[in-house]
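Thanks for asking me to look over this model with you. Here are my notes, as numbered points you can follow alongside the structure.

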Amino acid sequence: MSHLANKGTHDDLRVALSAHGLALRGSFAPVSEDALSTLSNGQAAASVCMVGVIGSGFWPHFKASAFFSDGQSDPLDRWSRAIGEELAARFGGIALFPFDGPPYHPFQRWADRSEPTQASPMMLRIHPQHGLWHAYRFALALPLAPASQTTAQPADLCLSCSGQPCLQACPVGAYTGAAFLLDACASHLHSSQGAHCMQSACLARRACPVAPELRYTEEHAAFHMRAFAQRH
Ligand code: B12
Ligand code: SF4
Ligand code: SF4
């Protein structure tokens, strides 16, 4: 373990994350039901810090890394794991990853305990400033107390959204508002008609009027769509 263990602050963590284009999204105090492992100092974690991406800000950092071009599978997950494990060691904590599973850590529920995210009809969490254009790369269970945060719940963005365009935009109606028809989406993506989604990101996600300036760049979006289509 590094000599810096247990000595970092949230600001130190923010600086370390920004070197990779990543953001400290928020944090929460875990409870015994979260069943997290004990830290190397023998204590329970005092906070879980959620780390993620907002828009495509991290993309140039990931693209410049060796993981992007080494030809091995799951480059973004491996990039995340390398950064998460290094920071966990440096800050005396444990790294938790959204892709380790099943069973998966409930990242979306953890997000709701850390920042003003809400469930959208697309099941993705929507954030008042970042819209649907954000995701989580890892979480750090740390000895640090959680960062203070506003407890005010924002208005429900989706209930007041005129016409809910996300539910109208999918060419095969994969988002019903109550479910996601994975097979319908995947079949479309594997057909010639799916080229638009494959190149520019899910049309339903793009239809959301919140934070259009943070929509993923074509290159970033196409990377995720290819990874999704390869798995389904
Ligand atoms: C399994 C999974 C899926 C499955 C969902 C199947 C199911 N209903 O169980 C499928 C393959 C459909 C999926 C798809 C997508 N997912 Co997904 N997924 C996950 C994952 C790995 C685990 C969810 C889970 O079981 N959690 C454990 C339970 C106990 O926790 P929970 O909070 O109650 O989780 C529920 C929801 O997360 C829901 N869910 C998760 N993803 C999706 C997607 C859709 C469309 C629906 C209907 C439901 C759903 O299913 C869980 C069980 O009910 C999470 C990461 C994580 N660890 O949470 C990402 C995650 C939820 N997915 C994410 C994303 C972005 C997507 C995609 C948009 C793109 C992508 N990268 O593949 C696509 C949607 C397809 C499209 N058209 O673009 C993000 C959401 C970020 C956000 N803003 O909320 C997450 C958090 C990953 C991340 N790294 O940030 N996903
Ligand atoms: S990626 Fe395309 S087919 Fe799949 S849900 Fe989004 S709009 Fe529909
Ligand atoms: S289009 Fe409207 S209902 Fe759909 S996610 Fe965006 S704000 Fe919510």
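1. Let's start with Gly-55, which sits in the loop between E2 and H2. Helices (H or I, at least four residues) and strands (E, at least two) are DSSP runs, numbered from the N terminus. With a relative accessibility of 1%, Gly-55 counts as buried; buried means under 20% relative accessible area, exposed over 50%, and partly exposed in between (1.4 Å probe, protein chains only). Not counting residues up to four places away in sequence, Gly-55 touches Trp-133, Leu-214, Tyr-216 and His-220, where contact means heavy atoms within 4.5 Å. Gly-55 and Arg-113 are 58 residues apart in sequence, and their C-alpha atoms are 21 Å apart in space.

2. A word on the basis of these notes: this is a predicted model, in which local features need pLDDT of at least 70 and side-chain atom pairs count only at pLDDT 80 or more, while totals for chains, interfaces and linings use all residues. Residues are numbered from 1 along each chain as its sequence is written, chains are lettered from A and ligands numbered from 1 in the order in which they are written, and side-chain values use heavy atoms, with hydrogens and water left out.

3. How is the chain divided? There is domain 1 (10-142) and domain 2 (165-231), with bounds that come from an automatic or database domain assignment. Their C-alpha centres lie 23 Å apart. The contact between them takes 27 residues from domain 1 and 23 residues from domain 2.

4. Next, the nonpolar core, meaning a set of buried Ala, Val, Leu, Ile, Met, Phe, Trp, Tyr and Cys residues joined through side-chain atoms within 4.5 Å. The largest one has 48 residues, and Leu-13, Leu-17, Leu-22, Leu-87, Phe-138 and Leu-140 have the most contacts inside it. H4 gives the most to this core, with five residues. Both domain 1 (10-142) and domain 2 (165-231) give residues to this core, so it lies between them. Leaving aside neighbours within four places in sequence, Leu-87 is in contact with Leu-13, Ala-16, Leu-17, Phe-138 and Leu-140. In general, nonpolar side chains tend to be buried together in soluble globular proteins.

5. On the cysteines, the structure holds zero disulfides, a disulfide being a pair of cysteine sulfur atoms within 2.5 Å. Is Cys-161 buried or partly exposed? Its relative accessible area is 23%, so Cys-161 is partly exposed. Cys-49, at 0% relative accessibility, counts as buried.

6. Finally, have a look at Ser-27 in strand E1 (residues 23-28). Ser-27 is buried, with a relative accessible area of 3%. Not counting residues up to four places away in sequence, its contacts include His-10, Cys-49, Arg-113 and Gln-149.
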